[in-house]
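Here is my note on the model, written for someone opening it for the first time. Please keep the structure in view while reading.

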Amino acid sequence: MPRTAASAPYPTRGVVLRSRPLGEKDRVMTILSPERGKFAAVARGARGPKSNLAPVSQAFTLARFLIVHGRSLDIVTQAQIENAHTHIATDVLKTAWASYLCELCDTVPEHLPDEMLFELLCVALARIDVAAETALAVEMVGRWFEAHFMDLLGHAPTLGRCVACGEKINIAATDTTQRLAFSPVLGGTLCQSCGPRDPQRLSLAVQSLRALRRLERAVEPPALEELALSTAARHDLRQCGIYSIAAF
Ligand SMILES: [Zn+2]
């Protein structure tokens, strides 16, 4: 039978979000690609130590793939690693953050191309890979990713206004001590009168919300000296990120 256009191999770049064994010899990878979105593909023989596809089938790997459509799953026929992010796998903290970011990307629907999400993940993984091995440096990249991830999915929190009634929340730039009600469910800050509308609201320091806004606006993950996160702000951002992401 002549080969049809659908069975012709096609090239794509992609990041391996996760990888699991299939049978005794193969692996199934979940790949995030700028052209095809998230999709699953089989790397035949990748569990063999001598397989060319063994290194590329590891999570967090950025590679160029050549893929053919299979009956149920697509099949990787060739792959060339662009960045294996080798420092991530040797560091527990980096592995934990990279896994979390890949899990977030794994929540998007299949076959929905999003070039910006792909670029966001590439930048974050590359920065985590080369980050100095301090918890704060890696965490900064993770929080930057979270802020942009929420924004891309249309869930950026409303800051500076009340998410319930729209009233502007005025706080002097010199005021660094005020705390504000934040609703992960409603997706933003609440004014004093609307605060009781969400019994699960968080109380966040205004400095933490300012840090969140700077993370949202930063084109790249800020260096530690650019955005000094206090212990309190780190705690607030962790709460805010986890609850907001769980809420959508
Ligand atoms: Zn209000």
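How many residues of domain 2 are in contact with how many residues of domain 3? The count is 17 residues of domain 2 and 19 residues of domain 3, a contact being two C-beta atoms, placed from the backbone, within 7 Å. Point 3 returns to this.

1. Basis. This is a predicted model, in which local features need pLDDT of at least 70, side-chain atom pairs count only at pLDDT 80 or more, and totals for chains, interfaces and linings use all residues. Residues are numbered from 1 along each chain as its sequence is written.

2. Overall layout. The protein chain has six helices and eight strands. Helices (H or I, at least four residues) and strands (E, at least two) are DSSP runs, numbered from the N terminus. From that end the order is β-β-β-β-β-α-α-α-α-β-β-β-α-α. The C-alpha atoms fill a box of roughly 70 × 40 × 30 Å along the principal axes. Of the 248 residues, 34% are buried. Buried means 20 or more other C-beta atoms within 10 Å of the residue's own; exposed means 12 or fewer; partly exposed lies in between; the C-beta atoms are placed from the backbone. Among contacts with a separation of 6 or more, 59% join residues 24 or more positions apart.

3. Domains. The protein chain is divided into domain 1 (7–85), domain 2 (87–147) and domain 3 (148–248). These bounds come from an automatic or database domain assignment. The C-alpha centres of domain 2 and domain 3 lie 21 Å apart. On the side of domain 2 that touches domain 3, helix H3 (115–130) and H4 each supply at least two residues. H4 gives the largest share of that side, 10 residues. By type, the side divides into 12 nonpolar residues, no polar ones and five charged ones. Here Ala, Val, Leu, Ile, Met, Phe, Trp, Tyr, Cys and Pro count as nonpolar, Asp, Glu, Lys and Arg as charged, and the others, Gly among them, as polar.

4. Core. The largest nonpolar core has 56 residues. Such a core is a set of buried Ala, Val, Leu, Ile, Met, Phe, Trp, Tyr and Cys residues joined through C-beta atoms within 7 Å. Val15, Val76, Ala98, Leu101, Leu121, Ile128 and Val141 have the most contacts inside it. H4 (residues 135–152) gives the most to this core, with eight residues. Leu121 touches Val15, Leu32, Leu101 and Cys105, leaving out residues up to four places away in sequence.

5. Helix H4. This helix has 18 residues. From first C-alpha to last it reaches 26 Å, close to the 26 Å expected at 1.5 Å a residue. The expected span is 1.5 Å times one less than the number of residues. Its buried residues include Val138, Val141, Trp144, Phe145 and Phe149. Arg143, Glu146 and His148 are also among the buried residues of H4. Gly154, which follows H4, has a positive phi near 80°.

6. Is S2 (residues 26–33) largely enclosed or open? Seven of its eight residues are buried, so S2 is largely enclosed by the rest of the structure. Seven bridges join S1 (residues 10–22) to S2, and the two run antiparallel. Strands pair if DSSP finds at least two bridges between them. Val15 stands opposite Leu32. S1 and S2 form a hairpin with three residues between them, and Gly23 in the turn has a positive phi of about 65°. On to S3 (residues 37–43): seven bridges join S2 to S3, again antiparallel. This pair also forms a hairpin with three residues between its strands. Ser33 stands opposite Gly37, and Val28 has Val42 as its bridge partner.

7. Strand S5. Two bridges join S3 to S5 (residues 74–83), and these strands run parallel. Ala41 stands opposite Asp74 in S5.

8. His155. Where is His155 placed? His155 sits in the loop between H4 and strand S6 (179–183). This residue is partly exposed, with 14 other C-beta atoms within 10 Å. His155 and Gly187 are 32 residues apart in sequence, yet 7.2 Å apart in space, C-alpha to C-alpha.
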